[in-house]
Amino acid sequence: MNFIRNTIAVIVGLGIAGLIITLGIRVFPQWITFEAFAPFEHWERFLQSMQHDDAFFGFLLFISGLGTTVGGVATAMIVKYAKVAYAILIGFIMLFLAMLDVIIFPYHPTFYKISIFLTFFPFSWIGGKIVEIIYERKNKKRISEKVNQL
């Protein structure tokens with residue numbers, strides 16, 4: 001049962017991260033060079049149109065970090081044990097996808113290629129730690145309430 005729960009948690013976390021990245025790209029109308037809701041269907045053409053726009057890639061790093069954090073929080077809230085580890089798994093999968101993106105499509109600037117390694121793991125770790133701290137505080141509060149009732 002835990003395997004199914006953990007698998008669903010990872011899928012939900014990745015879905016939330018992808019949704020946040022998609023919504024983040026759609027924030028600025030001048031970046032929308034595609035017809036569909038998500039830019040991923042025509043990613044090569046989209047990256048080619050954004051090739052010399054360093055602000056876009058900087059924002060893509062930020063929104064990817066934000067998406068990874070929120071995805072890590074969602075995953076850590078769903079799994080029962082090893083909350084930080086599963087949140088970091090979201091960061092690892094997102095890093096793997098970003099590395100594939102950089103390898104397959106040659107339109108990324110150098111700072112983006114380097115910064116993806118510094119973005120995904122720390123942000124996903126932060127997401128896992130947020131949930132871990134919340135659960136620890138809730139557990140301490142519950143224990144102190146039990147002690148006070150005695």
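Here is a short tour, going from the whole chain to one of its helices.

## Before you start

This is a predicted model, where local features need pLDDT of at least 70 and side-chain atom pairs count only at pLDDT 80 or more, while totals for chains, interfaces and linings use all residues. Residues are numbered from 1 along each chain as its sequence is written, and side-chain values use heavy atoms, with hydrogens and water left out.

## The whole chain

The chain has five helices and zero strands, so in sequence order you get α-α-α-α-α. Helices (H or I, at least four residues) and strands (E, at least two) are DSSP runs, numbered from the N terminus. The C-alpha atoms fill a box of roughly 65 × 30 × 25 Å along the principal axes.

Of the 150 residues, 39% are buried, where buried means under 20% relative accessible area, exposed means over 50%, and partly exposed is in between (1.4 Å probe, protein chains only). Take the contacts (heavy atoms within 4.5 Å) between residues at least 6 apart in sequence: 66% of them join residues at least 24 apart.

## Helix 5, end to end

Helix 5 covers residues 110-149. Its 40 residues should span 58 Å at 1.5 Å a residue, and the end C-alpha atoms agree, at 60 Å apart; the expected span is 1.5 Å times one less than the number of residues. There is also a kink of about 35 degrees, centred on I116. That bend is the angle between axes fitted to the seven residues ending there and the seven starting there.

I116 is also among the buried residues of helix 5, along with others including Y112, F120 and V131. Helix 3 (54-78) and helix 4 (83-104) are part of what covers them.

## A patch and a salt bridge

Which residues make the nonpolar surface patch of about 560 Å²? They are M77, W125, I126, I130, I134 and Y135, and helix 5 supplies the largest share, five residues. Patch members have over 30% relative accessible area and no salt bridge, with like charges joined within 9 Å and nonpolar side chains (Val, Leu, Ile, Met, Phe, Trp, Tyr) within 5 Å. W125 counts as partly exposed because its relative accessibility is 41%.

The whole structure holds one salt bridge, meaning a side-chain nitrogen of Lys or Arg within 4 Å of a carboxyl oxygen of Asp or Glu. The partners are K129 and E132, at 2.7 Å from N to O. Both sit in helix 5, three residues apart, about one turn of the helix. K129 is partly exposed at 27% relative accessibility, and E132 is partly exposed at 24%.

Technical notes. Areas by Shrake-Rupley, 256 points an atom, 1.4 Å probe, with all protein chains shown as cover.
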